[in-house]
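Welcome! Please take a moment to look over the sequence and the model before reading on.

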2 protein chains.
Amino acid sequence: MPKTARSKKQKPAKESSTEERIKEAARRLFTLKGFAATRTRDIAEEAGINLALLNYYFRSKQKLFDLVMLENFQQFIKGITVNFMDETLSFDQRIERIVEAYVDMLTRLPDLPMFILNEIRGNPSKIAAKLQMEIAPMRQNMFTQLITSNEAGKTNLEPFHFIANLIGLTVFPFVGRPILQRVTGVTDDQFQQYMQDRKRLIPVWLKAMLTPPK
Amino acid sequence: MPKTARSKKQKPAKESSTEERIKEAARRLFTLKGFAATRTRDIAEEAGINLALLNYYFRSKQKLFDLVMLENFQQFIKGITVNFMDETLSFDQRIERIVEAYVDMLTRLPDLPMFILNEIRGNPSKIAAKLQMEIAPMRQNMFTQLITSNEAGKTNLEPFHFIANLIGLTVFPFVGRPILQRVTGVTDDQFQQYMQDRKRLIPVWLKAMLTPPK
DNA sequence: ATCATTTTTAATCATTTGATTAAAAAACTT
DNA sequence: AAGTTTTTTAATCAAATGATTAAAAATGAT
């Protein structure tokens, strides 16, 4: 048995311990290929360990997946909540921060959104509850701002559209990158530069959408 | 052997022939769960046929998948090309038509984009060539329009951003629907209505983006 | 050094899964 | 009806795959 409940020995924190190596190998493969297409033997090979160790540390493929999934998921929503709940920022500033945080996160972890979207589709209910909990306060906050703004006559955009546009403009280029790069013919470097540009552009666009011309 | 090359007998066109039933069952499952997660036995059950018939008609799971994949893919890009190459339409009109065609298509086949995105990610090269071919003329056309428009000083938006925004605003709500509905708390009916609204809104937004305030 | 505990390995198991085969059933031809 | 072809089925195969086991190796404690 692996010493789960920290027993006598000290564990070297976050080092490249076997356990950590397996988890990171699993994260790479699961995130890239999904649950069904990932073989436990591939994970073992990627981590450079014996197949049995995977089960020794994590009991089963499913358990390992759930663990990775949870961590990926938390990573994914961290960007929004942190910035959005900062009461010292104006609405516009929050949008700027969220877009920036997201572009940075997606630049580091470009496969994350597809992974999340796939898993949510596969298990509509499993993640759903968690998601709703974590995101509830932000939703409340953003809705309130938009609705009062609408009532004041300054804007006239449904919160649904605003959120769809915010996420769509920010996340989609990463999700659809393979198609997008083919269609537009941009190089990897150019793509990265465009993503950086969007940090500045998306907030401007979103603002423009809030006050449509006609 | 199945009579592939139309032999003596007449095949009842598009009826619910066994072959067609298998293909449609396969399409549903492949599109919903992806290649790896779909079992041939599930397809057989969904189609209400014996497992061996799947191989009798389509040789292998992979062959069946490739067939479905190709048809899905053609379906997916049909909407753009048809409308975009219509020389009698203005640029603005083309955008309106594309958005409308896409929203309608995605309303009918909401799982298609995730399927395409997943498969392209899995086989970067396989589909890529086909995609590039089919889309090349449209790309040429749209780029030309945008670049001349930029040079004339009327706009100043990179074609890359324009295309990313067009696809992002149109396709993403369908891809991210599970998340989006949770976050915003809208019902299925409301979602459909919002998508219909977006046919009108997206072209307006895109136009607004082309002429940014500052 | 000796012993106990933890970690790692090779071998193996049991199930799942894509595919095949041989025979039965159905459809069609004459 | 008899014969031929096409379609369908049940049974089975072979490989892949998740998991387990028993023993070896490594690590730590006394």
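The report below goes through confidence, the pairing of the chains and the surfaces near DNA.

## Reading the model

This is a predicted model, in which local features need pLDDT of at least 70, side-chain atom pairs count only at pLDDT 80 or more, and totals for chains, interfaces and linings use all residues. Residues are numbered from 1 along each chain as its sequence is written, while chains are lettered from A and ligands numbered from 1 in the order in which they are written.

## Confidence along chain A

The predictor's confidence in each residue is called pLDDT and runs from 0 to 100. Chain A has a mean pLDDT of 85, with 87% of its residues at 70 or more. Helices here are DSSP runs of H or I with at least four residues, numbered from the N terminus.

Two residues count as in contact if their C-beta atoms, placed from the backbone, lie within 7 Å. Where pLDDT is low, the predicted coordinates should not be read in detail.

## How the two chains pair

Chain B is superposed on chain A by a rotation of 180 degrees with 0.0 Å of shift along its axis, at an RMSD of 0.1 Å. That is the relation of a two-fold axis. The same surface serves both copies, as 100% of the contact residues of chain B recur in chain A. The superposition is by least squares on the C-alpha atoms of residues with pLDDT of at least 70 in both copies.

Between the chains, 42 residues of chain B are in contact with 42 residues of chain A. On the chain B side, H8(B) gives the most, with twelve residues. That side divides into 31 nonpolar, eight polar and three charged residues. Here Ala, Val, Leu, Ile, Met, Phe, Trp, Tyr, Cys and Pro count as nonpolar, Asp, Glu, Lys and Arg as charged, and the others, Gly among them, as polar.

## Surfaces near the DNA

A residue is near a strand if its C-beta atom, placed from the backbone, lies within 6 Å of it. Of the 21 residues around DNA strand C, those that come nearest are Asn50(A), Ala52(A), Thr40(B), Ser60(B) and Lys61(B). H3(A) supplies the largest share of this surface, four residues.

Around DNA strand D there are 21 residues, the closest being Thr40(A), Ser60(A), Lys61(A), Asn50(B) and Ala52(B).

Notes. Helix = DSSP H or I, 4+ residues; strand = E, 2+ residues; numbered from the N terminus.
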